[in-house]
Amino acid sequence: MEFTYRCLIVDDESPAHKALASHIAKFDDLEHSGSAFSGMEALKMLNENKYDIIFLDINMPVISGVELMELQPNRPLTIVTTAYSDFALSAYQNDAIDYLLKPISFEKFSKAIEKAKIYFSGNNVKKENTSNGKVLSHRVNGQMTDILLSDIIYIESLGNYMKLYSSRHNLPMIIYGSLASISAEIDCTDFLQVHRSYIVNVSKITSVTFKSLTMCNNEIIPVGRKYQILLDSFFK
């Protein structure tokens, strides 16, 4: 049976609720499970019910969308829906998976839902074997892409996203997921988490100090205090 994503719409304007509800209704696996017309009402509903996706307005009285995100750091996956572009940085810093400007077209809505499904699926990063070695298969710009584990230099966490740095690419690849999920998928002794935001390929380390690592691309990676013992034991 296909999973159904429970959606909560949070907006102080009725037309926005109608537009989003109309978009949601076009997906068989989305369910409009709640509507909140203020941040206060949304907090109450989030505490009393389970949702998978929130469509969250920014400019609301008493509690803004950004304030709601800060008050609920462990909230369901959040897609910001707003008429204002000024708060995009704050939204992404609070782990919003997308930022949609009103009026929201069905095309943009669909792309945001695709991002959400990729994140939920846990299949955006998979370990596979090829004749050339182990690879990760992940979605970049809507296309599945394979990368050899041996080419990865390090992975940096950015909330719901990760930056994957490879020796074969000048720019990092942006993928969805968490360090915990990708660590389980990698399952390789060549990789070590050295900070809450970084996993490194130890074969790509060129120098080590108590507080940092220098990688083969000359990037300096911080070492978290609680991870220092893991690093020490690795190089013994």
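Predicted model: local features only at pLDDT ≥ 70, side-chain atom pairs only at ≥ 80, totals over all residues.
Residues are numbered from 1 along each chain as its sequence is written, and side-chain values use heavy atoms, with hydrogens and water left out.

The sheet is open and has 5 strands in the order β2-β1-β3-β4-β5, with parallel pairing. Strands (E, at least two residues) and helices (H or I, at least four) are DSSP runs numbered from the N terminus, and two strands pair if DSSP finds at least two bridges between them. Because β2 (30-36) and β5 (98-101) each have a single partner strand, they stand at the edges, and one side of each lacks a neighbour in the sheet. From one strand to the next the twist averages 20°. Within the sheet, β1 (residues 5-10) pairs with β3 (residues 53-56) in the parallel sense over 4 bridges. In this pairing L8 is opposite I54 of β3.

Helix α1 (residues 14-25) packs on the sheet and touches β1, β2, β3 and β4 (77-82), contact meaning heavy atoms within 4.5 Å. The direction of α1 makes about 165° with that of β2; axes are lines fitted to C-alpha atoms, for helices over the stretch in contact, and angles run from 0 to 180 degrees between N-to-C directions.

H23 belongs to α1 and counts as buried at 11% relative accessibility. Buried means under 20% relative accessible area, exposed over 50%, and partly exposed in between (1.4 Å probe, protein chains only). A polar atom of the H23 side chain lies 2.9 Å from the backbone oxygen of I104. Leaving aside neighbours within four places in sequence, H23 is in contact with I104, S105, F106 and F109.

Helix α2 (residues 39-48) lies across β1, β2 and β3, at about 130° to β2. Its buried residues are G39, A42, L43, M45 and L46. Seen down the axis of α2, these fall within an arc of 165° (taken from the directions from the axis to the C-beta atoms), so they line one face of the helix. They pack against β1, β2, β3 and α3 (65-71). The face turned away from the buried side carries the exposed residues K44, N47 and E48.

As for cysteines, the structure holds 0 disulfides (pairs of cysteine sulfur atoms within 2.5 Å). C7 is buried, with a relative accessible area of 0%, whereas C216 is partly exposed at 39%.

Key
Polar contact = N/O pair within 3.5 Å; in protein donor to acceptor, adjacent residues only side chain to side chain.
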